[in-house]
Amino acid sequence: MAGTVGVLSTRVRVEEKLLMAALVEAGFVALSVAPAPGPAPLGPNPGWPLAVDSASGEAAGIVIDRLQDRALASALLELTSDDQLRIVDAGLASVGNRLTIAAAIARAGLPRPLAFGVHDEASGLEAAELTGYPATFLPLEPKTAGLTLHDRDTAEAVLEHREMLGQRLDTLGLIQAGDGSDALRVIVSGGRVIGAEGNPALTNADSFKLAVSAAQALSAELVGVVIVDSANGPLIWDIDPAPDFRNAVPVEVASVAAGIAARIGELVASNGALVGR
């Protein structure tokens, strides 16, 4: 299988190295891709060019989103206008924030912990009282760590501090019931579970089915879905648009990286992606 696949990241970490090695093993040329140097022009047809051309002259026609800075990813992917370039990403979760992601999950009727959108200390404290303790404050930007609110005193300290920082973005987020402990991160690629890491008690068909449903609700080609348990079964705790997988246990694939590479092969074979230009 010939063709060049780019792995979009600003820093090549363990996951990106594993993925590029798996792509090469699958018969592709693998290329590390980053935002092109210099500013992005905002004319009548705004775009944010990617450095898809290598020094050897190879050019990627399909790119896998592995950016860990999701604010950068959102801006870049919104403005990537090259019609010849296919981005494999987490769909709505690649460009949306936790609130838009949660809304999509809710519209799909998928179970998640009780959660509220909040915008300041007062609304956050009210939401924490409604969810009960422990609760978690989840900032809007995906992949940013949540802050556990163990009790009223903790909630007041955390939310007051964020409000005192003086930036509205610091107090915008979700207050969600629970602390997210003993979670399972499920990696879905092409509508199939290819890996999981975390609570082994949640590694079951119900969790996997829920993760696949979440990916479908977000139109995500490749995504991590964080699952927690409840008395009524598994719940969607969070969505990871570019999940780590170095320690994940493969599910029906040789490795998570190999599973992603195999899916790229399927996309190319079905003419759903252009590889090499």
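Residues are numbered from 1 along each chain as its sequence is written, and side-chain values use heavy atoms, with hydrogens and water left out. Because the model is predicted, local features need pLDDT of at least 70 and side-chain atom pairs count only at pLDDT 80 or more, while totals for chains, interfaces and linings use all residues.

Helices (H or I, at least four residues) and strands (E, at least two) are DSSP runs, numbered from the N terminus. Two strands pair if DSSP finds at least two bridges between them. Strand β1 (residues 4–8) pairs in the parallel sense with β3 over 4 bridges. Here Val5 stands opposite Ile62 of β3. β1 also pairs with strand β2 (residues 29–33), again parallel, over 5 bridges. Leu8 has Val33 in β2 as its bridge partner. On its own account, β3 (residues 62–65) pairs in the parallel sense with strand β4 (residues 86–88) over 3 bridges. The bridge partner of Val63 in β4 is Ile87.

Burial is scored by relative accessible area: buried is under 20%, exposed over 50%, and partly exposed in between (1.4 Å probe, protein chains only). In β1, 5 of 5 residues are buried. Thr4, Gly6 and Leu8 lie on one side of β1, Val5 and Val7 on the other, and both faces are covered. β3 is likewise covered on both faces, with Ile62 and Ile64 on one side and Val63 and Asp65 on the other.

A second topic is the antiparallel sheet. This open sheet of 5 strands has the order β12-β11-β9-β10-β13. Its edge strands, β12 (235–240) and β13 (249–250), each pair on one side only. Strand β9 (residues 184–189) and strand β10 (residues 192–198) are antiparallel partners over 6 bridges. Ser189 stands opposite Arg192 in β10. Helix α8 (residues 205–217) packs on the sheet and touches β9, β10, β11 (222–228) and β12. Its direction makes about 55° with that of β9. Helix α9 (residues 256–269) lies across β9, β10, β11 and β13, at about 160° to β10. Contact means heavy atoms within 4.5 Å. Axes are lines fitted to C-alpha atoms, for helices over the stretch in contact, and angles run from 0 to 180 degrees between N-to-C directions.

A nonpolar core is a set of buried Ala, Val, Leu, Ile, Met, Phe, Trp, Tyr and Cys residues joined through side-chain atoms within 4.5 Å. The largest such core has 26 residues. Val186, Val188, Leu218, Val223, Val225, Ile236 and Ile239 touch the most other members. Two or more residues each come from α4 (98–107), β9, β10, α8, β11 and β12. The largest share, 6 residues, is from α8. Beyond four places in sequence, the contacts of Val223 include Ala90, Val186, Val188, Ala215 and Ile239. Another core lies apart, with 22 residues, among them Ile62, Val88, Leu222 and Ala248.

Helix α5 (residues 121–131) has Glu121, Ser123, Gly124, Leu125, Ala127, Ala128 and Thr131 as its buried residues. Their cover includes β5 (115–118), β6, β7 (147–149), α6 (152–164) and β8 (173–177).

A cavity is a set of points where a 1.4 Å probe fits but cannot get out; a pocket is an open set with protein on both sides within 12 Å along at least five of seven lines; lining residues have an atom within 4 Å of a point. Grid points are joined across faces, edges and corners, and a volume is the space filled by probe spheres set on the points. The whole structure holds 1 cavity of 30 Å³ or more. The largest cavity has a volume of about 60 Å³. Its lining includes Arg98, Ile101, Leu138, Leu174, Ile236 and Trp237. α4 and β12 each supply at least two lining residues. The largest pocket has a volume of about 310 Å³. Of its 20 lining residues, Arg98, Gly146, Val226, Trp237 and Asp238 lie nearest the centre. β12 gives the most to this lining, with 4 residues.

Gly180 sits in the loop between β8 and β9. Gly180 is partly exposed, at a relative accessible area of 21%. Beyond four places in sequence, Gly180 is in contact with Val228 and Trp237.
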